[in-house]
Amino acid sequence: VGELNADLILYGIPRDLPEEREILASGFTMTLGSSSAILAHNLSAMGTRVSFTSRIGPDALGEMCCRRLHEVGIDLSGVVRSTTGSSTGVTLILPLTDTRRILTYPGAMFEMGIEDVDIDRLASARHFHMSSIFLHRKLTPDIPEIFREMKRRGLSTSLDTNDDPENKWAGVLEEVLTITDLLFCNEEELIKIAGKDDVEAAMAQVAAKVPLLIVKRGSRGACAWRNGKRIDVDGIRVNAVDPVGAGDSFDAGFLHQWVRQAPLESCLAYGNLAGALSVTRSGGTEAFRDAAYREQFLAAHWRDKALIP
Ligand code: ATP
């Protein structure tokens with residue numbers, strides 16, 4: 001369950017773009033965007049069956065996003081088209097060299113409510129995942145109960161917080177942490193969640209709240225904490241061209257092994273591999289769309305060949 005929107009990626013912007021200055025980009029790409037949708041796309045592209053629940057506008061952008069998800073075989077019967085006049089959300093991405101400015105125009109994603117979520121369909125899966133809880137404002141009060149119901153019905157569950165620029169995770173995050181089996185986050189999010197400046201201290205604090213904590217560390221790889229024990233995986237050396245969607249791709253790789261009940265080390269290694277694959281192409285899904293490229297990359301870097309389905 002999560003947000004489904006388009007990414008508008010602008011090119012040709014000076015690296016030292018000052019604040020409050022009008023500038024003409026030299027080009028743009030409009031592509032499938034948003035954390036949850038990138039995760040769903042890349043997980044399905046790798047060969048795991050995925051059903052996606054979201055809300056879009058009745059417009060061409062929404063159709064473009066759905067077409068891209070349909071191409072990789074995702075069940076889209078849970079995607080609702082808004083009738084309130086809201087459009088599909090768009091995220092504007094300004095790829096500056098040192099930092100990346102991201103502006104989200106949420107559109108229909110702010111409207112998704114519990115009436116849009118088919119609990120029985122979700123419960124027919126083996127695993128339930130939700131990303132970016134702060135973007136689902138209307139759904140927020142119901143999120144802990146959705147997680148609880150999934151647990152009651154025997155699914156394993158995971159949450160990726162994603163960064164909340166307004167720090168509005170509020171009480172709902174604390175509550176979901178007491179229910180979810182897995183928590184994915186990066187180091188900045190971890191620090192915010194723990195309210196501590198020190199990454200190691202933050203990790204230890206949050207790891208004590210969830211059965212399994214997975215922390216993404218960019219080109220340095222990732223680590224997992226379970227039962228007080230930490231496992232690390234080093235980043236894979238690649239020619240990184242675009243970090244957008246690396247974290248979502250990591251989650252996809254991890255869950256691809258998790259639903260196959262692979263050992264934690266394999267889940268972590270495959271997440272790391274999928275994250276590295278993602279950064280080798282521009283946009284969150286391009287490296288996964290190209291099946292020949294994807295398969296060649298995964299096979300070339302994967303030690304535990306037995307786990308490739
Ligand atoms: P985003 O929010 O942009 O999706 P994130 O901040 O949640 O990303 P990152 O830590 O940037 O996540 O990246 C996720 C994973 O992808 C890393 O843990 C690592 O496995 C892989 N990865 C990211 N950047 C690189 C890189 N430059 N080289 C190799 N692997 C990378």
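Trainee: Where does Ser34 lie?

Mentor: Ser34 sits in the loop between β2 and α1. Helices (H or I, at least four residues) and strands (E, at least two) are DSSP runs, numbered from the N terminus. Residues are numbered from 1 along each chain as its sequence is written, and side-chain values use heavy atoms, without hydrogens and water. This is a predicted model: local features need pLDDT of at least 70, side-chain atom pairs count only at pLDDT 80 or more, and totals for chains, interfaces and linings use all residues.

Trainee: Why is Ser34 called buried?

Mentor: Check the cut-offs: buried means under 20% relative accessible area, exposed over 50%, and partly exposed in between (1.4 Å probe, protein chains only). Ser34 has 7% relative accessibility, so it counts as buried.

Trainee: What makes the phi of Ser34 worth a look?

Mentor: Most residues other than glycine have a negative phi. Ser34 is not a glycine, yet its phi is positive, about 75°. Gln261 also has a positive phi without being glycine, near 60°.

Trainee: Where is Gln261, and is it buried or exposed?

Mentor: Gln261 lies in the loop between α8 and α9. Its relative accessible area is 72%, so Gln261 is exposed.

Trainee: What about Ser35: buried or exposed?

Mentor: Ser35 belongs to helix α1. With a relative accessible area of 10%, Ser35 is buried.

Trainee: What does Ser35 touch?

Mentor: Contact means heavy atoms within 4.5 Å. Not counting residues up to four places away in sequence, Ser35 touches Glu3, Ser131, Ser132, Asn162 and Asp248.

Trainee: What makes the link between the side chains of Ser35 and Asp248 a polar contact?

Mentor: A polar contact is a pair of N or O atoms within 3.5 Å; within protein, one must be able to donate a hydrogen and the other to accept it, and residues adjacent in sequence count only if both atoms are side-chain atoms. The side chains of Ser35 and Asp248 make such a contact at 2.4 Å.

Trainee: Which backbone nitrogens lie by the side chain of Asp242?

Mentor: Those of Val244 and Gly283. A polar atom of the Asp242 side chain is 3.1 Å from the backbone nitrogen of Val244. The backbone nitrogen of Gly283 is 2.7 Å from a polar atom of that side chain. Asp242 itself is in the loop between β12 (229-233) and α8. At 4% relative accessibility, Asp242 counts as buried. Asp242 and Ser282 are 40 residues apart in sequence, but their C-alpha atoms are 5.1 Å apart.

Trainee: How do you know which residues are around the ligand, and which come nearest?

Mentor: A residue is near a molecule or strand if one of its heavy atoms lies within 4 Å of it. There are 20 residues around the ligand, and Asn186, Gly218, Gly221, Gly247 and Asn272 come nearest. α8 (246-258) and α9 (264-279) each give at least two residues to that shell.

Trainee: Which polar backbone atoms face ligand oxygens?

Mentor: Gly218 has a backbone N or O atom 2.7 Å from a ligand oxygen. A polar backbone atom of Gly221 is also 2.7 Å from an oxygen of the ligand. For Pro243, the distance from a polar backbone atom to a ligand oxygen is 3.3 Å.

Trainee: How do you know that α9 is largely enclosed by the rest of the structure?

Mentor: Count its buried residues. They number 15 of the 16 in α9, so the helix is largely enclosed.

Trainee: How does the length of α2 compare with what a helix should span?

Mentor: The expected span of a helix is 1.5 Å times one less than its number of residues. Helix α2 (residues 60-71) has twelve residues, so it should span 16 Å; its end C-alpha atoms are 16 Å apart, which agrees. Helix α9, with 16 residues, reaches 23 Å from first C-alpha to last, close to the 22 Å expected.

Trainee: Which residues of α2 are buried, and what do they pack against?

Mentor: Gly62, Met64, Cys65, Cys66, Arg68 and Leu69 are the buried ones. The buried residues of α2 pack against β1 (5-11), β2 (27-33), α1 (35-45), β3 (51-56), β4 (75-81) and α10 (286-289).
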